[in-house]
Amino acid sequence: MDYSKTNVAVLALQGAFLEHQQMLETLGVRSRLIRNGQDWQDFVAQSREGMASGLVIPGGESTAMMRIIRDLGLYEPIKEAIRGGMAVLGTCAGLIMLDDKHLGTMDIKVRRNAYGRQLGSFNAVHEVKGIGRFPMTFIRAPYIESVGDGVEVLSVLDNHIVAARQGKQLACAFHPELTADTRFHETFLSLCATD
């Protein structure tokens, strides 16, 4: 599929944002790292040129990331863009940031550090609805405790929800950017292109 007319912002405050950007580049996607309000304004202006657009919120430390986006004046613009229909991919801490206690754009309740600290990190290969068996890297990962109406559960591992979708919001507890498998990002990009 041709993603050259897709414009994606990658929140570049913490975590594996460069790995997300590299995966997007592998797929032929234009991406912009967002480090401040001006970066966001430039991205939004470019998106108005008729390009499909989306936002990636990578892993990191959700409390610190929330504080930073508030300090940079990005909290309301990002929340408004997602509520306005911008596609978003949230991975690990990005999943947490979409939940009811943070940006509040996705009707999910999340348990932070659900698998323990760094030593609780692990890999698995498991089924994701619409994708198939997918390699999953969990690093101090959360999981989704419950979902509301309109949230589609995409993957359940050991009785815990680890991937879900609500409208154009796609979220997972693992790190698809740390694998060579592009299918999760392709699923996100398909959401960017839909009206």
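Which residues is Phe 174 in contact with, leaving aside its neighbours within four places in sequence? I began my entries here, and I took contact to mean heavy atoms within 4.5 Å. I found Thr 91, Cys 92, Val 128, Phe 134, Met 136, Thr 137, Phe 138, Val 162, Ala 163 and Phe 184 in contact with Phe 174.

I note that this is a predicted model, in which local features need pLDDT of at least 70 and side-chain atom pairs count only at pLDDT 80 or more, while totals for chains, interfaces and linings use all residues. Residues are numbered from 1 along each chain as its sequence is written, and side-chain values use heavy atoms, with hydrogens and water left out.

Helices here are DSSP runs of H or I with at least four residues, and strands are E runs of at least two, numbered from the N terminus.

**Rings.** I then turned to the aromatic pairs, of which the structure holds 6. Rings of Phe, Tyr and Trp (its six-membered ring) pair if their centres lie within 6.5 Å, and planes under 30 degrees apart count as stacked, over 60 as edge-to-face and the rest as tilted. Phe 138 and Phe 174 form an edge-to-face pair, at 5.8 Å centre to centre and 65° between the planes. This pair links distant parts of the chain, with Phe 138 in strand E7 (132-138) and Phe 174 in the loop between strand E11 (169-172) and H6, 36 residues apart. Phe 174 also forms an edge-to-face pair with Phe 184, at 5.4 Å centre to centre and 75° between the planes. Phe 174 lies in the loop between E11 and H6 and Phe 184 in helix H6, so this pair ties together parts that are 10 residues apart in sequence.

I checked burial next, where buried means under 20% relative accessible area, exposed over 50%, and partly exposed in between (1.4 Å probe, protein chains only). Phe 138 is buried at 1%, Phe 174 at 0% and Phe 184 at 0%. Ring pairs link Phe 122, Phe 134, Phe 138, Phe 174 and Phe 184 into a cluster.

**Asp 181.** I found Asp 181 in the loop between E11 and H6, where it counts as buried at 17% relative accessibility. Not counting residues up to four places away in sequence, Asp 181 touches Met 23, Phe 134, Pro 135 and Pro 176.

**Helices.** I listed the buried residues of H6 as Phe 184, His 185, Phe 188, Leu 189, Leu 191 and Cys 192. They cover an arc of only 155° around the axis, which puts them on the same side of H6; the arc is that of the directions from the helix axis to the C-beta atoms. In helix H1 (residues 17-26), the buried residues are Phe 17, His 20, Gln 21, Met 23 and Leu 24. Their arc is only 160° around the axis, which puts them on the same side of H1.
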